[in-house]
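Trainee: I would like to learn how to read a model one feature at a time. Could we go from the fold to the side chains?

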Amino acid sequence: MSEQRKNRKRGILLAGVLILAIAALAALYFWLKANGYLEIFTSVEALQAYVRGFGAWAPAIFILLQIAQVIFAPIPGNVTTLAGGALFGFWPSFFYSTVAIFLGSLVAFGIGRYCGKPIVYKLASPAIVDKYLNVLAGKQRLTLALLFLFPFFPDDVLCLLAGLTGYSWSWFAVMVLLTRPWGTIVSALVGSGSLSIPLWGWAILVVAAVAAMVFSIKYGSRMEDLLLEKIRGRKKGGKRERAPHAPAEEGPAKK
């Protein structure tokens, strides 16, 4: 079997899995909405009571809800993560949330990549989509990484938008693993009662996030170009070829 056929089969399989995942999560979302269960996301206490009601299945239900909140913008992610910290404690909540957010981010990325803008506009606010799609124009990887790294930005919507910008699966997956867990750590700590951030601390975080964002938008492309030039220069420097030996000078030809 040729490599092209293998890649085509993998693409078909991935698309099938993605469609099934989207269908399952969409069914869960609309079922929750039709039965009034979305009200459980209005407060941490309401969500805790709902998840706790599943007993031994509570972790699995929590992971499914976390995946759903990444894809469907109306579900607030801060409420689910805080509730997880209060329900399971810091380490279990951090593990469940990290796995769920990673999987949900990949599904959202796939939706943007394969379904395009029409579906993205239905899953998120058109105003937010247009705003951040303009910010990400030109495939500024540093800008996207900073948006994920700092709080107060719509991380879940950004996963959908990243699929529209042409990033590769591998780069996006690595970037999510390196950036998104940091916000999960803070939310899980606060939810479990292990960390309390005063108002002035949140103010500093907001100022730092906005400053980093402005700097990234203004100088992001230039910084990326400089970093790439340095990396390329090091690679070339480490693979310098030896100069060929100069041929020995020949004496005058014998007559």
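Trainee: In what order do the elements of the chain run from the N terminus on?

Mentor: Start with the order of elements before looking at any side chain. This is a predicted model, and from the N terminus its elements run α-α-α-α-α-α-α-α-α-α-α. The count is 11 helices and 0 strands.

Trainee: How many of the 255 residues count as buried, as a percentage?

Mentor: Burial is judged by relative accessible area, with buried meaning under 20%. Of the 255 residues, 36% count as buried. The chain exposes about 15,700 Å², and carbon and sulfur atoms supply 65% of that area.

Trainee: Which residues have the most contacts inside the largest nonpolar core?

Mentor: A core is read as a set of buried nonpolar residues joined through their side chains. The largest one has 36 residues, and I71, L144, L158, L161, F172 and M175 have the most contacts inside it. Seven helices, α3, α5, α6, α7, α8, α9 and α10, each supply at least two residues of this core. There is also a second, separate core of 12 residues, which includes V51, A58, V79 and A83.

Trainee: Leaving aside neighbours within four places in sequence, which residues is L144 in contact with?

Mentor: With those neighbours set aside, L144 is in contact with L136, L158, A162, Y167, W171 and M175. Two of these, L158 and M175, are also in the list of residues with the most contacts inside the core.

Trainee: How many aromatic pairs are there?

Mentor: Ring pairs are read from the distance between centres and the angle between planes. The count is 12 aromatic pairs. Take F88 and Y96: their ring centres are 5.2 Å apart and their planes stand at 85°, so this pair is edge-to-face, for which the angle must be over 60 degrees. Y96 has a relative accessible area of 19%, so Y96 is buried.

Trainee: Which residues form one aromatic cluster?

Mentor: F109, Y114, F148, W169 and F172 form one such cluster. Y114 is in helix α5, which covers residues 90–115. Its relative accessibility is 45%, so Y114 counts as partly exposed.

Trainee: How many salt bridges does the structure hold?

Mentor: For a salt bridge, check the gap between nitrogen and oxygen, which must be within 4 Å. The structure holds 1 salt bridge. The partners are D156 and R180, whose closest N and O atoms are 2.8 Å apart. The pair links distant parts of the chain, with D156 in helix α9 and R180 in helix α10, 24 residues apart.

Trainee: Is D156 buried or exposed, and is R180 buried or exposed?

Mentor: D156 has a relative accessible area of 15%, so D156 is buried. R180 stands at 9% relative accessibility and therefore counts as buried.

Key
Residues are numbered from 1 along each chain as its sequence is written. This is a predicted model: local features need pLDDT of at least 70, side-chain atom pairs count only at pLDDT 80 or more; totals for chains, interfaces and linings use all residues. Side-chain values use heavy atoms; hydrogens and water are left out. Helices (H or I, at least four residues) and strands (E, at least two) are DSSP runs, numbered from the N terminus. Buried means under 20% relative accessible area, exposed over 50%, partly exposed in between (1.4 Å probe, protein chains only). Rings of Phe, Tyr and Trp (its six-membered ring) pair if their centres lie within 6.5 Å; planes under 30 degrees apart count as stacked, over 60 as edge-to-face and the rest as tilted. A nonpolar core is a set of buried Ala, Val, Leu, Ile, Met, Phe, Trp, Tyr and Cys residues joined through side-chain atoms within 4.5 Å. Contact means heavy atoms within 4.5 Å. Accessible areas come from the Shrake-Rupley method with a 1.4 Å probe; for residues, only the protein chains shown count as cover. A salt bridge is a side-chain nitrogen of Lys or Arg within 4 Å of a carboxyl oxygen of Asp or Glu.
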